[in-house]
Amino acid sequence: MTDALHSVRLNTGSPMPLLGLGTFRLRGPEETQRTVDAALTAGYRSFDTAAVYRNEAEIGQALRELLPRHGLTRADVFITSKLGPRDHGSRARDACQRSLEELGLDYIDLYLIHWPGTQALPVEDGRNPANRAQSWAVLEEFYRSGRFRAIGVSNYTAEHLRQLLGACEVPPAVLQVEFHPKLAQRELRAACAQADVCFQAYSSLGTGLLLSDPVVLEVARRCGRTPAQVLLRWAVQQGVPVLPKSCHPSRVQENSQLFDFELSEEDMARLSSLDCGEKFCWNPSSVA
Ligand SMILES: NC(=O)c1ccc[n+]([C@@H]2O[C@H](COP(=O)([O-])OP(=O)(O)OC[C@H]3O[C@@H](n4cnc5c(N)ncnc54)[C@H](OP(=O)(O)O)[C@@H]3O)[C@@H](O)[C@H]2O)c1
């Protein structure tokens, strides 16, 4: 279960839960409703969506229906969404407004630039930095007006982050990137720690592919937990927020059981020794 103890404090002063529900590939009102219901029951209070997931409206609808049934209000949950790569630059203002409307919310707790590059531009195109700078200025505008309570970025490299920190008026609160034992992201984590940017993990289960890794299975056997719990615990034990996705209520529940056990130093080290820079998702390192 999440509670006030299981959160991180962002540089805005607001808490963000260490555990959130990932919603990439959650589709259709029934699946969304069932999964959000299971998540609220299991104690999740954070939900991660994005314009490109095309489920903002369904997430918003599910929360409107389910929060009262769980005795909760809008203020009890933390909603993240993201600006799609096709909406960088001059399209950003309309896209930010559209996310609010799709979700049916007056404010979004955290809004991220999803990707440093602009869709349809070559990755090396020199217009990418200017476009994302223009998008950031729009996110700052929505932050100042209270429509976004925190703003941040996703899939930025240390160099993209350095450029942003050097030019922004409002510093990013969060960097959301792929993170699991095979991709420990040491340079990025150090850059975030130095700049007081919260480092947040996505694809902590390696999109599911790490669940059968022999070392993960060995640690899971030793501590009597499931491979998913071991992978998620490895991150939260380092203070890194996670966003596991499942559309199965029993797995949603399983993935929430992270705060009633600890991995030993040896098991943490054993998992960390898997780091080899392997990515299961996309690689932003060539985006100008
Ligand atoms: N910012 C970005 O660019 C970005 C990129 C990727 C992801 N994300 C966010 O992070 C979230 C999580 O990442 P992800 O969806 O890529 O991958 P993930 O959470 O690492 O893994 C999800 C996969 O693992 C399976 N799974 C989940 N829990 C399980 C369990 N306990 N036992 C067995 N299998 C389990 C799921 O299948 P079932 O659904 O069938 O259970 C799904 O196939 C996304 O949903 C999204 O919100 C952000």
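Visitor: How much of the protein chain counts as buried?

Guide: Of its 288 residues, 45% count as buried. A residue is buried if 20 or more other C-beta atoms lie within 10 Å of its own, exposed if 12 or fewer, and partly exposed in between, with C-beta atoms placed from the backbone. Please note that this is a predicted model, in which local features need pLDDT of at least 70 and side-chain atom pairs count only at pLDDT 80 or more, while totals for chains, interfaces and linings use all residues. Residues are numbered from 1 along each chain as its sequence is written.

Visitor: How many helices and strands are there in the protein chain?

Guide: The protein chain has 10 helices and 9 strands. These are DSSP runs, numbered from the N terminus: helices are H or I with at least four residues, and strands are E with at least two.

Visitor: What is the order of the strands in the open sheet?

Guide: The order is β3-β4-β5-β6-β7-β8-β9, which makes an open sheet of 7 strands with parallel pairing. The edge strands, β3 (21-22) and β9 (198-202), each pair on one side only. Two strands pair if DSSP finds at least two bridges between them.

Visitor: How many bridges join β6 to β7?

Guide: Strand β6 (residues 110-113) and β7 run parallel and are joined by 3 bridges. Within this pair, I113 stands opposite V153 of β7. On to the next strand, β7 is joined to β8 (residues 174-178) by 3 bridges, again in parallel, and V153 has L175 as its bridge partner in β8. Strand β5 (residues 78-83) is joined to β6 by 4 bridges, also in parallel, and L83 has I113 as its bridge partner in β6.

Visitor: Which residues of β6 lie on one side and which on the other?

Guide: L110 and L112 lie on one side, Y111 and I113 on the other, and all are buried, so both faces of β6 are covered. In a regular strand the side chains alternate between the two faces of the sheet. Strand β7 (residues 151-154) has I151 and V153 pointing one way and G152 and S154 the other way, and all of these are buried.

Visitor: Which residues touch the most other members of the largest nonpolar core?

Guide: They are Y111, L139, V174 and L175, in a core of 69 residues. Helix α8 (residues 227-236) gives the most to this core, with 6 residues. A nonpolar core is a set of buried Ala, Val, Leu, Ile, Met, Phe, Trp, Tyr and Cys residues joined through C-beta atoms within 7 Å.

Visitor: What is L139 in contact with?

Guide: Leaving aside neighbours within four places in sequence, L139 is in contact with C96, Y111, I113, F148 and I151. Two residues are in contact if their C-beta atoms, placed from the backbone, lie within 7 Å. For the protein chain, residues 24 or more positions apart account for 74% of the contacts with a separation of 6 or more.

Visitor: Changing topic, which residues come nearest to the ligand?

Guide: G22, F24, L205, G208 and K245 come nearest, of the 27 residues around the ligand. A residue is near a molecule or strand if its C-beta atom, placed from the backbone, lies within 6 Å of it. The shell has 9 nonpolar, 14 polar and 4 charged residues. Here Ala, Val, Leu, Ile, Met, Phe, Trp, Tyr, Cys and Pro count as nonpolar, Asp, Glu, Lys and Arg as charged, and the others, Gly among them, as polar.

Visitor: Where is T207, and what is its phi?

Guide: T207 is in the loop between β9 and α7 (214-223). Its phi is near 60°, a positive value in a residue other than glycine. T207 is partly exposed because 16 other C-beta atoms lie within 10 Å.

Visitor: Is E266 buried or exposed?

Guide: E266 counts as exposed, because it has 10 C-beta neighbours inside 10 Å. This residue lies in helix α10 (residues 265-272).
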